[in-house]
Amino acid sequence: MNGIQIAIDGPAASGKSTAARLLAQRLGGLYVNTGDMYRTLSRGILDAGVDPVAQPEKVAPLLETWDLRYRRMDDGSLQLFFNGKAVRQEDIRAPEVADVVSHVAKLPEVRQWMLERQRECKSLGTIVMEGRDIGTVILPDATFKFFLTASPEERARRRFLQKGEIPSQANLATVAAQIAERDRIDSSRAVAPLKPAPDARVISTDGMNQEQVLDCLLAIIQEAN
Ligand code: CDP
């Protein structure tokens, strides 16, 4: 398939990233993780010595000179670059980034800045783009739109098993509280809140493993062809 756009949205730790990555591989398309873009920007803001929660007005001026883009690598995959440097997962999956990212992502200037950069990805070819507002705002004409959900308990369990983002003293209850707080901010913001597009297929992934989620998405895509 060529030039199709697939939007995958959903709350924190709902399995979007794995589903989007596997789906892109299967379709020979490119995987774009917009959450990584917000996380990278948050890392940059913190590294610039700005507290985006206490000093949100200091964020917009930083954006004027910053560059954030996906580039196609020799092996055909996409790599995110921030101000010319390849972004490393260990730098953006840190607890201090998770603590501020939803506060950064609710700023209208940030969302406009991201919208321009994320829409540019359309020119790269077939894309599977995951985030919170892909089906509603970034790619309203996407060929397929999915909204993945899972119960709060299941999502907390999945996040708890991932390394990096979880502080060493965290337990299941603190992880659950942290992702619930992020979802609350993401769902209640004025611009591009987290919600399914009216034409999205909403899929509950409770009790499904990664392959089962992938098979479910592939079945819907193949059914339409
Ligand atoms: O991996 P996880 O599902 O926990 O989150 P993520 O996809 O890495 O996104 C991190 C945060 O970025 C979200 O909680 C949102 O605040 C923000 N985000 C957004 O506002 N819009 C997007 N399209 C993607 C992420």
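This is a predicted model: local features need pLDDT of at least 70, side-chain atom pairs count only at pLDDT 80 or more; totals for chains, interfaces and linings use all residues.
Local features need pLDDT of at least 70 and side-chain atom pairs count only at pLDDT 80 or more, while totals for chains, interfaces and linings use all residues. Residues are numbered from 1 along each chain as its sequence is written, and side-chain values use heavy atoms, with hydrogens and water left out.

Start at the ligand. The shell around the ligand holds 20 residues, each with a heavy atom within 4 Å of the ligand. Arg39, Arg111, Arg159, Arg182 and Asp186 come nearest. Helices here are DSSP runs of H or I with at least four residues, strands are E runs of at least two, and both are numbered from the N terminus. Helix α2 gives the most, with four residues.

Next come the polar contacts, meaning pairs of N or O atoms within 3.5 Å. Within protein, one atom must be able to donate a hydrogen and the other to accept it, and residues adjacent in sequence count only if both atoms are side-chain atoms. A polar side-chain atom of Arg159 lies 2.8 Å from a ligand oxygen. For a polar side-chain atom of Ser102, the distance to a ligand oxygen is 3.0 Å. Ala13 uses its backbone: an N or O atom there lies 3.2 Å from an oxygen of the ligand. Taken alone, the ligand exposes 540 Å², and the protein buries 99% of that. Accessible areas come from the Shrake-Rupley method with a 1.4 Å probe; for residues, only the protein chains shown count as cover.

Ser102 is also one of the buried residues of α5. Buried means under 20% relative accessible area, exposed over 50%, and partly exposed in between (1.4 Å probe, protein chains only). Eight of the eleven residues of α5 are buried, so this helix is largely enclosed by the rest of the structure. Among them are Val97, Val101 and His103. The cover over these buried residues includes α2, α4 (89-92), α6 (108-120) and α9.

Asp36 counts as buried because its relative accessibility is 8%.

Glu109, in helix α6, is partly exposed at 45%. Not counting residues up to four places away in sequence, Glu109 touches Ala60 and Leu63. Glu109 and Asp99 are ten residues apart in sequence and 20 Å apart in space, C-alpha to C-alpha.

Now the rings. The whole structure has two aromatic pairs. Rings of Phe, Tyr and Trp (its six-membered ring) pair if their centres lie within 6.5 Å; planes under 30 degrees apart count as stacked, over 60 as edge-to-face and the rest as tilted. Trp66 and Phe82 have ring centres 5.2 Å apart and planes at 85°, so they are edge-to-face. Trp66 lies in the loop between α3 (59-63) and β3 (68-72) and Phe82 in strand β4 (residues 78-82), so the pair ties together parts 16 residues apart in sequence. Trp66 is buried at 14%, and Phe82 is buried at 16%. Phe144 and Phe146 are stacked, at 6.5 Å centre to centre with 5° between the planes. Phe144 is buried at 13%, and Phe146 is buried at 1%.

Notes: Contact means heavy atoms within 4.5 Å.
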